[in-house]
Amino acid sequence: MKKIFMSLTLIFSLLFVVLFSAGCNGGGGTEEPIVSEEWKFDSEVHWHPCINSDEKFDVAPHSYIEGDSVRCHICGYRREYTDEEKFAEWKAGVLATIGYTGDYSTDYVRDNPGADGKISGRQLFRESRSGSRFFCEDARYMGDITKETPDERRLSAIMSVADGGFILYTEEGEGGALKTGRESCSAETAVALATCPPLSALEGTGLETIRGIEDVTGLRAALAAAFSGRELESVSLVRNGDGSVTMRAHYLGSNTDERITEDDYIRTDYDITISVTVSDGRVSMTSYSYDIKKVYTDRTDLSGGMFMTVRVSYSFDEAGYSEITKRA
């Protein structure tokens with residue numbers, strides 16, 4: 001009996017080995033392949049592996065979707081965007097912004113840090129346009145970042161009148177009181193104001209020659225030539241988590257100043273960073289910052305600087321426009 005049991009055990013063991021080893025590679029077996037539900041992949045394709053052999057099933061190229069990186073929606077494989085891919089999307093957004101003729105509102109915030117690092121001055125500016133309707137609002141504040149004191153305020157709007165002319169309304173702060181002015185302006189001025197695209201958001205970025213730039217090498221060359229006396233330290237193109245693409249350029253530079261007395265500074269060092277972000281096919285934000293350090297014979301001081309952020313929304317601020325025309 002014992003011999004019969006051992007024989008049966010051996011037979012079943014051999015049968016299991018034969019069937020299991022033949023499951024994926026055919027091997028003369030008749031069972032269905034034992035295929036893993038998990039995906040395996042390399043940089044080109046993905047597949048389902050056989051559990052107990054090297055055979056591959058459902059081999060296919062990756063099928064990508066866009067995001068902060070390029071991800072295959074079938075197997076989950078991710079690859080990073082190349083710099084050229086990021087540049088192509090970024091350039092298309094800059095060009096679309098330069099040629100944009102629709103509604104927009106642009107908000108500027110400019111801070112001026114002093115030698116102590118505190119904000120010594122803040123400037124807020126908004127411009128909006130829709131068709132022939134245009135307005136800008138300019139408010140300046142003096143004080144540190146926690147205490148803002150109104151110092152000067154100017155509002156303006158341009159409007160067409162029944163006889164075909166144009167009127168420019170302005171409202172300025174003078175001695176604590178608001179003074180309203182109204183004057184005729186030329187058709188050329190009206191057109192310049194009323195059709196100005198949010199290209200002003202790109203001022204100071206050195207991207208005036210963007211149309212002629214074909215690749216990342218050309219971008220670097222254009223930025224390097226944009227600011228004389230400033231050495232381009234680095235250029236980066238970053239794909240952000242929300243799918244936007246940011247170009248960031250960093251410059252360093254110095255000016256040598258003639259020393260007259262021991263107390264005069266002998267050199268000025270500049271540290272400048274420029275960034276331009278494209279999202280949803282247009283420029284959505286730019287920033288421009290620089291720090292100035294005065295180098296003396298015996299010390300180095302942070303003499304000042306500027307940090308400006310510009311945000312563009314592609315819609316018209318109807319409430320803001322109505323308020324200004326009502327005041328005018």
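**Figure 1. Three strands, S1, S2 and S3, form an open sheet with antiparallel pairing, in the order S1-S2-S3.** The model is predicted; local features require pLDDT of at least 70 and side-chain atom pairs pLDDT 80 or more, whereas totals for chains, interfaces and linings use all residues. Residues are numbered from 1 along each chain as its sequence is written, and side-chain values use heavy atoms, with hydrogens and water left out. Strands (E, at least two residues) and helices (H or I, at least four) are DSSP runs numbered from the N terminus, and two strands count as paired if DSSP finds at least two bridges between them. The edges are strand S1 (40–41) and strand S3 (56–61), each of which pairs on one side only. Strand S2 (residues 45–49) is joined to S3 by four bridges in the antiparallel sense. His-48 faces Phe-57 of S3 across this pairing.

**Figure 2. Strands S13 and S14 form a hairpin with five residues between them.** In the turn, Gly-243 has a positive phi of about 95°. Nine bridges link S13 (residues 230–239) with S14 (residues 245–256) in the antiparallel sense, and Glu-231 stands opposite Leu-252 in S14. S14 is also joined to strand S15 (residues 267–279), antiparallel to it, by twelve bridges. Within that pairing, Ala-249 has Ile-274 of S15 as its bridge partner.

**Figure 3. The largest nonpolar core comprises 28 residues.** Such a core is a set of buried Ala, Val, Leu, Ile, Met, Phe, Trp, Tyr and Cys residues joined through side-chain atoms within 4.5 Å; buried denotes under 20% relative accessible area, exposed over 50%, and partly exposed the range in between (1.4 Å probe, protein chains only). The members touching the most others are Trp-90, Val-94, Leu-219, Leu-223, Met-247, Tyr-251 and Val-276. Two or more residues each come from helix H2 (83–98), helix H4 (216–226), S13, S14, S15 and strand S16 (282–295). S15 provides the largest share, five residues. Beyond its neighbours within four places in sequence, Val-276 is in contact with residues including Trp-90, Val-94, Leu-202, Met-247 and Met-285, where contact means heavy atoms within 4.5 Å. Another core, of eight residues, lies apart from the largest one and includes Ile-158, Leu-168, Cys-185 and Ala-190.

**Figure 4. Helix H4 has three named buried residues, Leu-219, Ala-222 and Leu-223.** These residues lie on the same side of H4 because they cover an arc of only 95° around the axis, the arc being that of the directions from the helix axis to the C-beta atoms. Thr-217 and Ala-225, on the other side of H4, are exposed. The packing partners of the buried H4 residues are H2, S13 and S14.

**Figure 5. Confidence in the protein is lowest in helix H1 (residues 2–25) and highest in S13.** The pLDDT value, the predictor's confidence in each residue on a scale from 0 to 100, has a mean of 43 in H1 and 92 in S13. Across the protein it averages 76, and 74% of the residues score at least 70. Over residues 1–23, pLDDT stays under 50, and the model has ten contacts beyond four places in sequence for this stretch. Where pLDDT is low, the predicted coordinates should not be read in detail. The protein as a whole has five helices and 17 strands, and 34% of its 328 residues are buried.
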